[in-house]
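Thanks for making time this morning; I would like to walk through one model and keep to what can be read from its coordinates.

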Amino acid sequence: MTPLLTTKGLSRHFGGLRAVDGVDFTLMPGEIRAIIGPNGAGKTTFVSLLSGRIRPSSGMVVFDGADITAMPAYKRVRLGVAYTFQITSVFANLTAFDNVALPVQRTLTDGRTKGQVRSGVMAALERTGLAERAGTLAGQLSYGHQRLLEVAMGLALKPRLLILDEPTQGLADSEIDNFITLVREIARDAAVLLIEHNMPVVMQLAGRITVFNSGKILAEGTPGEIRANAEVQDAYLGAAHG
Amino acid sequence: MRNASPAKTYALHISVIALLFALNFVLPDYHQGLFARIMALAVFAMGYNLLFGYVGLLSLGHAMFFSAGLYGAGLTVYHLGWGVPEAFVAGVACGALLALVIGLLALRTSGVAFMIVTMMFAQVFYLLILYFAAWTGGDQGLVIQQASRVIAIGGASFDLTDPTVRYMSALALFSIILLVTLAVVCSRFGRVLVAIRENEERTKMLGYDTVANKLTAVVASGAICAASGAAYALLFGYVGSSFASVQYSILPLLWVLLGGAATTLGPLIGTLFMYYVTDITSGFTSAYLLIVGVALILLVLFFPKGILGSIRERWLRWLP
Amino acid sequence: MHFGPHLLLAALEGLVTSAVLALTALGLSLVFGVMRVVNVAHGEFFMLGAVLAWAVSTAISGHPAVGFVAALVIAPLLVGLVALVAERLVLRRLNYNPEGTIVATIGMLYIIQQLALTFYGPEARPVEPPFSYRILLPWFGYSGYKLSVVAASAILLVITWLVLTRTRIGLIMRATQYDRETAQAFGIPVERVYAGVFAVGAMLAAIAAVLIVPISQAHYLMGQDPLLLSFIVVIIGGLGSLRGTVVAAILIGLSDGIISMFFSPTLAKIIATLVVAMVLVFRPQGLFGTTPR
């Protein structure tokens, strides 16, 4: 099977700081991959390079066999690389409906899906349990619902790769359970790449885990392997608990 | 739009147009003329609103698009002897073309820099009109004779200097632009524009080429403002450099702020209100600019949503 | 007159323009740098300074120098007061929102201009220079007063620079400019700093205007050109950079004087405005600035 996404020697320097330093990374279709690592390890910068929000200093990004290193972010989204923000950034002054209508009409214009905006929007809202709140202004939704709306927007883009940046941050425990179910469902159509600090969530969801430290990949493997890795415990778990 | 009910929205806009149509037969001569002027200028305000209200781009240079239409229509009639319809099209084309060039340049900036850049380009345009006074008439301007302002269609001819013809022509343009704006605002494109206003970065990450969308909006806005300018030249028979001055970039901003930014009918209400305020006060003071100044400050301070914006917030959530 | 002396004359005139421009633009630059407010009414503070200078100097009889000195003190103070009131009543309430303040200062522009027209009238009125000594050069005589304007401006610029770099006030201003929230957290009275900066900015424009009225007369529309030129200077010099502002003022003042001799003033303005707009589009940090905004 050919990989969905690969990076070769991907680097990004900010002044003297090597936020991401020569990363070689491979993601297979349908995979749920978690990226973990201490704060400042370069996780968010790395996924920003994948989504095109930041340009790399060197290296390349290949998506589905095509070199997309120089491609602007909006075109990557059209290819199927969707990104949900670390800090919730739904359109607060628009209704939940309009928030989801934006990605839905995008895929309709591209010809990637057929049908009406309304039915597409309602399908995405129902999937995330927000259908009743379609007419509510996004800014007036609870925090948990805003995160779900964010996911609904990601879903509505019909992504082939959905990047979630700390999706469970600020969610209540009950909401986290729903979220885990949701991600498993998404993974039937798309690969999921998530940055996550909540270890139980990572262990339950991820097929494989990639550990970042100081802009480099420290380790990669199944949840069991990562748990057993002494180096990871030193760098990450040690740092987190000490 | 919230809980959009297209039938209700269109009914409201059609009734506004019908009301304006009926007013032609009731208004005294003086007010009939004033209303024709207000409707032509409300088109200018609607064009400005498309960019400022819906996309959130505050331009301080829209006088250049208005006057591109004004001179594009006026000069082709005056120097080349073109007919009214061709001249109107020429005016709109000038405005659209200018907007394309200015948009390509100015959209590289944002926020305060965008405001200053548009103001400077407008200033250049204004100075060019003065510099080429031999053709433009400079600050004296040019008067377009009555004979050049007659439209002949088939056997019938319409004289734009006739008050009723003038009123109806202004109304026709106003109605078309109002309905076009409404359609744009309710369309997918309109939704993207509002999304750009609310959060451009996020809109990009939904797969939208925000620069291309903004450029389209600038061109549409420029073309509508030029249509207003072209109509103004043909209906009132005068082109002059004062229409290109900074003041005419500020006025649409004032009208839109007053009426309510990002509302379809706000530009008309703002223009109407401001015109009558200055008309009434001019009876006892010549301090027109003072009123404009005070109005601007009071609006930004206490009433940033404008008349219709406040009404929408409190009572009529469905207003587009 | 031959080309050389001609050029010398143009350069001298340009130097006077530069001197006045540097002061005016410095005011605009300070306000933008510290408060991030684009003050469109800046030119009107300039005009108000000139008009008040005329009012003060005509109210005081005796030797012209007495009236002029009185104007040089009183007019800027009054303008500073007007600016303080405006800052307090309008800008502070807008929380210094960049776009809101632009619209509000446009409002101020119209109000000040209209009030000047109503109370001062549409005439251009001269102020007598404090002295009328002429310096005799081999080719032509040159007004000693004009040269003293250059000197006065240079002194004021040096004083401003010293205040900004060597005093506690300057430190506080720079801290506020760097990060408003942090400054506030460290107990800097940000609101008072803003009020002070806005007043000083307006006063610099007023001083420049008082210096120039004996040369160019007071008129209610005289604020427009200085506003445009100050914008140009501040943009070319890099928004909020003091050294850049002064260098750009000299550059613009000299080239304005020299270009106007060879081209029509309108064409000179067209070229200058277009160039500046392009600088803002393609190099927003200015020609001399280094840090992007």
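This is a predicted model: local features need pLDDT of at least 70, side-chain atom pairs count only at pLDDT 80 or more; totals for chains, interfaces and linings use all residues.

If we leave aside neighbours within four places in sequence, B:Ser148 is in contact with B:Val77 and B:Val84. From B:Ser148 to B:Asp159 there are 11 residues in sequence, and the C-alpha atoms of the two are 9.2 Å apart in space.

Staying in chain B, please go to B:Phe65, which sits in helix H3, residues 63-80. This phenylalanine has a relative accessible area of 2%, and is therefore buried. Not counting residues up to four places away in sequence, B:Phe65 touches B:Gly95, B:Leu98, B:Ala99 and B:Ile102, and also B:Gly222, B:Cys225 and B:Ala226. For one of these, B:Ala99, the separation from B:Phe65 is 34 residues along the chain, while the C-alpha atoms are separated by 6.9 Å.

A:Pro38 lies in the loop between strand E3 (32-36) and helix H1 (43-51) of chain A, and with a relative accessible area of 16% A:Pro38 is buried.

Next, the backbone angles, where I picked out two residues. Phi of A:Glu166 is near 50°, which is a positive value in a residue other than glycine. A:Glu166 is placed in the loop of chain A that runs between strand E7 (161-165) and helix H6 (173-186), and at 6% relative accessibility A:Glu166 counts as buried. In chain C, phi of C:Gln217 is near 70°, again positive in a residue other than glycine. That glutamine is found in the loop between helix H8 (190-216) and helix H9 (224-237) of chain C, and C:Gln217, at 34% relative accessibility, counts as partly exposed.

Now to the helix pairs. In chain B, helix H1 (residues 6-26) and helix H7 (residues 163-186) pack at an angle of about 170°, with their axes 10 Å apart, and H1(B) and H7(B) are therefore roughly antiparallel to each other. On the H1(B) side the residues that meet the partner include B:Tyr10, B:Ile17 and B:Phe21, and on the H7(B) side they include B:Tyr167, B:Leu171 and B:Phe174. Taken by class, the contact of H1(B) with H7(B) has 14 nonpolar, five polar and no charged residues.

In chain C, helix H1 (residues 3-35) and H8(C) also pack at an angle of about 170°, with their axes 9 Å apart. H1(C) and H8(C) are therefore roughly antiparallel to each other, and by class their contact has 20 nonpolar, three polar and no charged residues.

Let me turn to how the chains and domains are arranged. Of the two pairs of chains in contact, chains B and C share the most contacts. No contact joins chain A and chain C, and their closest C-alpha atoms lie 14 Å apart. Within chain A, the domain assignment gives domain 1 (1-80 + 159-242) and domain 2 (84-158). The C-alpha centres of these two domains of chain A lie 23 Å apart, and 22 residues of domain 1 are in contact with 17 residues of domain 2.

Finally, the core. How many residues does the largest nonpolar core have? It has 292, and among those with the most contacts inside it are A:Phe46, A:Leu149, B:Phe174 and C:Met35. The largest share of this core, 18 residues, comes from helix H2 (residues 29-55) of chain B. Domain 1 and domain 2 of chain A both give residues to this core, so it lies between them. As for A:Leu149, its contacts beyond four places in sequence include A:Val90, A:Val100, A:Leu125 and A:Leu141.

Note on methods. Residues are numbered from 1 along each chain as its sequence is written. Chains are lettered from A and ligands numbered from 1 in the order in which they are written. Side-chain values use heavy atoms; hydrogens and water are left out. A nonpolar core is a set of buried Ala, Val, Leu, Ile, Met, Phe, Trp, Tyr and Cys residues joined through side-chain atoms within 4.5 Å. Buried means under 20% relative accessible area, exposed over 50%, partly exposed in between (1.4 Å probe, protein chains only). Helices (H or I, at least four residues) and strands (E, at least two) are DSSP runs, numbered from the N terminus. Domain bounds come from an automatic or database domain assignment. Contact means heavy atoms within 4.5 Å. Axes are lines fitted to C-alpha atoms, for helices over the stretch in contact, and angles run from 0 to 180 degrees between N-to-C directions. Angles under 35 degrees count as roughly parallel, over 145 as roughly antiparallel, 65 to 115 as roughly perpendicular and the rest as oblique. Ala, Val, Leu, Ile, Met, Phe, Trp, Tyr, Cys and Pro count as nonpolar, Asp, Glu, Lys and Arg as charged, and the others, Gly among them, as polar.
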